[in-house]
Amino acid sequence: MARLKVENLSFSFGYDTILDNINFEIKEGEVVSIVGPSGGGKTTLLRLCSGLLDRQDGKIENSFETQAIAFQDPRLLPWKNVIDNIAFGLKAMGVSSQEREARAKEIALKFDLEESDFEKFPKELSGGMSQRVSFARALVTKPKLLFLDEPFSALDIGLKRELQDHVMELIADKEITIFFITHDIMEAIRLSDKILLLAPDPGRIVKIFEFDVPQSQRDDEYVYTQTAKLLSDREIIETFELEFK
Amino acid sequence: MKSLLKILRDFPAYLWSGWGAIASIFLFIAAWDIGNQVYGDMILPSPLETFHTLATLFKDPDFTQGLMITLRRAMVGFGISLVVGTALGLLAGFFVTASIVSRPIVTILMGMPPIAWIVLAMIWFGMGDATVEFTVIVASLPIVFVGALQGTRTLEDKFEEMADIFKVPLMMKFFDIYLPHIFSYVFPAWVAALGMAWKIVVMAELLATSDGLGADLAMARSQLDTASALAIVVAMVGLLMVAEYIFLEPIKREVEKWRD
């Protein structure tokens, strides 16, 4: 079984310790969220796990065959149209041009993009549409491990929900493993099996919350009560400095 | 290849959009004719007379030969600027130190008036091809260099990161990520350099050679043959316009279509 295992991971920029002795494991089919305030080293942790940053201290074992990222900003190539942007990962995998066009179109329609949008360049797309394309690009390759770096944070609640539902479908089918970064606790509760609380300066995991109810059975009430519970948790209050409000 | 077909397919529509440009050229010619009526043939020959002179010039083998010589000089100078300028610009762009070092030098090169270069080149190379080509290179190479440098310096890490996640092979990274971005900077620089090369070649010829369009222009001046002088100018401008609007502009539109 594939897994992502992080052991005694530390990282610093110069004299600044960003991450201090991080330990956790993500098993195949799991959704694990990292929750913490901005600037607490969440993105650094994701970049280390995905191999975008070189490791300094500790061990990272990543045995997933394929991976993809949906970034906070869509990062669409401005000189490629919607379909070619979605098919970008497939092209890198060496999929034939006909097949990648067919697969890109299929997923684009699934993500509620119109056929009239297919030839458009990113400059002609709204923020929400760009994020859909970015999501489609990450998912069309059918990655075993998906990194989500706050991809929902700039979206309105309707679109946020819609994209989350796509993720939920994949989770329900146990097709995918997700490493999810967010500062939105409610979002994390809706989607994850495990939430790791990352406290800043230096970044360290102070608490792990686990949720047993399957994602598909988590209704709004469940999410709200769990959110309320977490928000009254002492570690959460300290980490997010909630008492100063 | 796909882009090339697209350029050809869009070409008729592009030409059709040129009516406005043609109308404004006719307006200019009309103003020119008024100038002729005010100042007389000696100062400003009429457009009609100029075009007549141009037609007879094109029948004269000496003139067409001179035109070819000028074209050759411009193309040699421009070609060298294009290849060397692009290569050096890309190279400098990939190294921070090189781009910091090269900036002031480029500013000096660009700030130096071409006429000064011509004088120096005449001392160094004498009267002939080398002087003209040298001046063309010295004037147009920095433009290409800066374009390539800026294209490379402005490459964004975020796309590279995105590509790394998908394990994009190096060749694909080059063609799909670096090239479109760099080309959108380099190509306009090439167009600007071509215009510069064409202007400089005539100026250098006028001062430093006994053949080519520039020399013909010098001859027309010494004989006070205003009609011929104007006809040569029209030929020069006409050629540049054909090159720019028939060949370069459609390519530029295709290449830059995705830009804001």
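Two strands pair if DSSP finds at least two bridges between them. Helices (H or I, at least four residues) and strands (E, at least two) are themselves DSSP runs, numbered from the N terminus.

Now, what we are looking at. This is a predicted model, in which local features need pLDDT of at least 70, side-chain atom pairs count only at pLDDT 80 or more, and totals for chains, interfaces and linings use all residues. Residues are numbered from 1 along each chain as its sequence is written, chains are lettered from A and ligands numbered from 1 in the order in which they are written, and side-chain values use heavy atoms, with hydrogens and water left out.

Chain A, then. One open sheet has three strands in the order E2-E1-E4, and the pairing is antiparallel. Which strands stand at its edges? They are E2, residues 16–27, and E4, residues 57–62; each has a single partner strand, so one side of each is left without a neighbour in the sheet. On average, neighbouring strands here are turned by 15° against each other, direction ignored. For such angles, axes are lines fitted to C-alpha atoms, for helices over the stretch in contact, and the angles run from 0 to 180 degrees between N-to-C directions.

Look at strand E1 of chain A, residues 3–13. Five bridges join E1 to E4, and the two run antiparallel. As an example, A:Ser10 has A:Asp57 in E4 as its bridge partner. Strand E1 also holds A:Asn8. The phi of A:Asn8 is near 45°, a positive value in a residue other than glycine. Helix H1 of chain A, residues 42–49, lies across E1, E2 and E4, running at about 55° to E2. Contact, here and later, means heavy atoms within 4.5 Å.

Chain A has another open sheet, of six strands, ordered E5-E6-E7-E3-E8-E9 with mixed pairing. Its edges are E5, residues 67–70, and E9; each has a single partner strand, so one side of each has no neighbour in the sheet. Neighbouring strands of this sheet are also turned by 15° on average, direction ignored. E5 pairs with E6, residues 145–149, in the parallel sense over four bridges. In that pair, A:Ala68 has A:Leu146 in E6 as its bridge partner. Helix H5 of chain A, residues 127–139, lies across E5 and E6 and runs at about 170° to E5.

Between E8 (194–199) and E9 (204–210) of chain A there is a loop, and A:Pro202 lies in it. What kind of peptide bond joins A:Asp201 and A:Pro202? A cis one, with omega about -10°. For background, most residues other than glycine have a negative phi, and most peptide bonds are trans.

On to chain B. It has 11 helices and zero strands. The C-alpha trace of chain B spans about 70 × 50 × 30 Å along its principal axes.

How do the chains meet? 20 residues of chain B are in contact with 23 residues of chain A. The area buried between them is about 2100 Å², with carbon and sulfur atoms giving 69%. Buried area is the accessible area (1.4 Å probe) that two parts lose on being put together, summed over both. In chain B, the residues that lose the most area to chain A are B:Ile165, B:Phe166 and B:Trp258, together 34% of what that side buries.

How many salt bridges are there between chain B and chain A? Four, where a salt bridge is a side-chain nitrogen of Lys or Arg within 4 Å of a carboxyl oxygen of Asp or Glu. One salt bridge joins B:Asp176 to A:Lys80, with the closest N and O atoms 3.4 Å apart. Helices H8 (157–165) and H9 (170–208) of chain B are the elements that give two or more residues to the side touching chain A. H8 gives the largest share, seven residues.

Over all chains the count comes to 30 salt bridges. Among them is A:Arg103 with A:Glu99, the closest N and O atoms being 3.2 Å apart. Both residues lie in helix H4 of chain A, residues 97–110, four residues apart, about one turn of the helix.
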